Amino acid sequence: MTISIDSKDSNTKSLQPKGWLRYFSFSLDHKVIGIQYLICGFLFYLIGGTLASAIRIELASPMSDFMPRDVYNQVLTLHGTIMIFLWIVPVVNGAFGNYLIPFYVGARDMAFPRLNAVAFWLIPPSGLMLVASYFVEGAAQAGWTAYPPLSITTPQSGQIIWIMSVLLLGGSSIFGGINFIATIIKLRRPGLKLMQLPMYCWAMLGTSLLVVLSTPVLAGTLILLSFDIVAHTGFFNPVLGGNVVVYQHLFWFYSHPAVYIMVLPAFGLVSEILPVHSRKPLFGYTTMVFSIMGIVVLGLVVWAHHMFTSGTPPWMRLFFTIATAFIAVPTGIKFFNWVATLWGGKISINSAMLFSCGFIINFVFGGITGVALAQVPFDIHVHDTYFVVAHFHYIVYGGTVFIIFSSIYHWFPKVTGKLMSEKLGIIHFSITFIGFNLCFAPQHWLGLNGMPRRVAEYDPQFQFVNQISSVGALLMAISTIPFLVNIFLSIKNGKDSGDNPWNALTPEWLTSSPPPVENWEGEAPLVEEPYGYGKPINQEN
Amino acid sequence: MLNKNFYLILIISAVFGISFWIGFNVNLLPVEASINAPIYDELFKILFIIGLIIFIGMTIAVIYSLFKFRKRKDQYGDGIALEGNLSLEIVWTIIPSIIVLIIGLYSYNIYDRMGGMKELNHSHEMMTSNTEKIWAGISQASNNEFASNNLSVEVSAMQFAFLFNYPKGKFISGELHVPVDHKVSMKMESKDVIHAFWVPEFRIKQDIIPGQPTVLNFTPTKVGKYPIICAELCGPYHGGMRASIIVEEESDYKDWFNKNTKTEVSL
């Protein structure tokens, strides 16, 4: 397989534009595609963030006074959909996966470069289509979960465009997943064993299995839903004898694994970053691998914990409680192992490290509320309230988005050959960490005391706490400024980083920064110990 | 060495002490107004304390490592080449498993005490036909014992209101009036999209589903007026979909009930 790619490369490369223009081309280079994913995702993050700001402005006062009520529902639907399908999933999987996996397995590109480019180029049009649906007849307004019958009865064009867009994004995700599995299993450099791979490969292998197993279920479900909307079939329409709860089962069969599709790659990335900056081997490599696979298996059998108030039978509630709570065990192992990785190291406290440690603290908090939410009697009170909103933002923002920023600080020198400003990075981290916790910690109390989610108006006694939350959201919005300034200044005037500024041992640092088109000038090096810090042979200097 | 262990024990007991103190002294929940509420709050307290211990412990561990093991200016080279410790890893696999299992069994016990594990009885007066499949929410207390004393209400939800039908009084109300310390049985059905019936002070919630009746039983314990909140996104006015539940002394409730029954009949 590798040979055929190599022979074609020489033909196609001459057609590829050079310089910054290549980021706007149908490039087959995995490094270019990775950066395309990252920048495209970040632009959608800015759109999704603007929508989040609109939500927090609306909720700064108890009355629905900032925007019309149906627009508010469109805003929250688009916010959720954009942040999940156009920012987090493409970036932690597509961006970092494409950039790093071929280096980690010692390949010159992904297994299927064309499929890879197609997977990326599905994203901008479907994202733009989703955003543009607002101007047709209003965007979808049934929430990102699109529960029927609400999604059948709201204006149809928005909902149908939403379905088409999510189908395309799901397709992109499946193409990516197949590509990662093939690359990790089949394109490893001769002599490189599976148990010698950097942890991010294992995380991506697990994630891609989840993508390939569960995304088709979402696709099938949404196709049935679109039949209900346009062809008036009755799969989920109770008026025609359909069952609305069946939709919820099918939807969450994908959408709970989707949580792991969003956090497992982040677990992989943090496992790369912590050992480098604390100058210690990753603690417990084998248990880390097994805990990833444990999360993959358990992640497939916990979906009904989203439906404890839907009227599921008692035995089912009990099963899903136990299964969900047990995910805390493999996840806990990973967190203990990361703290053990820090223990006794020689830690450089820099932006990448701060964001990673912020991730550990935030995610532990979100994980604890997660175990609580898994308990049926606990969940029955707080289901569909701001408690849940706070919980999942601790997981996806406090967890994954912190790791995205950490990874950008960590791999920026790899991509550009320049160092980022640590001063601006620490300012970015401080504002993000304070703003994030100020925004979401109070929402736990709101949920416990009677504020449901997805509302444009609420009881006046919740106003003060909501305003604290809105101030936090404002800080989060402001924190983007030092980050963007840092990126642009560093690209323009950043200090030269050299090939390996962190003295890291993982394979992507064993070539020049930025890397050549073929990744290595000669043979890919065989890295048997990607975390061999502290061993005499690898001693720094 | 003794000194080191002493500090470790001191820190661990401080973490436990602080967590227990916060768990017992900080109340994050609204008033307890049903039989379910104190049971729920008991579970909440336990989960809160365990969560605080883990969270504070992990946070201290991370921040301490960052300070203690930070690279000093004069330091070069790597940390120790420690790649793992099997016994330690087994410990932090088994201990969380046991904690999770205990929490699971405990919450099963809580759920059982709330009446969640009970099969709903077909002889229940509301379920007129045995073939009709009804999905249960929580059913507090036995269905048979108090069947005659139960207050049965039929709830219908629509965009964006709740209606409460009192079959015995043959009238419909927009407010739910119930006598204190009496079990209330509700059969709920939606006319259009999915809604949810939530009373935060009662710690109960159940979706109201179109085409699929659901049942929710509860026993209020405190006189007062509490909000009924729709918790499932149901359209533009979802945030305004509210009703009130008025828990009153039995005599007051009877007055209200008779007043409404009479006017209905006279019309």
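Author: A strand here is a DSSP run of at least two residues in state E, and strands are numbered from the N terminus. The model is a predicted one.

Reader: What makes Arg203(B) count as buried or exposed?

Author: A residue is called buried if 20 or more other C-beta atoms lie within 10 Å of its own; Arg203(B) has 30 such neighbours, and therefore counts as buried. Arg203(B) sits in the loop between strand E7 (195–199) and strand E8 (204–208) of chain B, and its phi is near 60°, a positive value in a residue other than glycine.

Reader: Why is Asn519(A) called buried?

Author: The cut-off is 20 or more neighbours, and Asn519(A) has 20 C-beta neighbours inside 10 Å, so it counts as buried. Asn519(A) belongs to the segment after helix H17 (463–493) of chain A, and its phi, near 75°, is positive although the residue is not glycine.

Reader: What makes chain A as compact as a globular protein of its length?

Author: The secondary structure of chain A comes to 17 helices and zero strands. Its radius of gyration is 23 Å, close to the 24 Å that the globule rule gives for 541 residues, so the chain is as compact as a globular protein of that length. Of those 541 residues, 60% count as buried.

Methods. Residues are numbered from 1 along each chain as its sequence is written. Chains are lettered from A and ligands numbered from 1 in the order in which they are written. This is a predicted model: local features need pLDDT of at least 70, side-chain atom pairs count only at pLDDT 80 or more; totals for chains, interfaces and linings use all residues. Helices (H or I, at least four residues) and strands (E, at least two) are DSSP runs, numbered from the N terminus. The radius of gyration is taken over C-alpha atoms; the globule rule is 2.2 Å times the number of residues to the power 0.38. A residue is buried if 20 or more other C-beta atoms lie within 10 Å of its own, exposed if 12 or fewer, and partly exposed in between; C-beta atoms are placed from the backbone.
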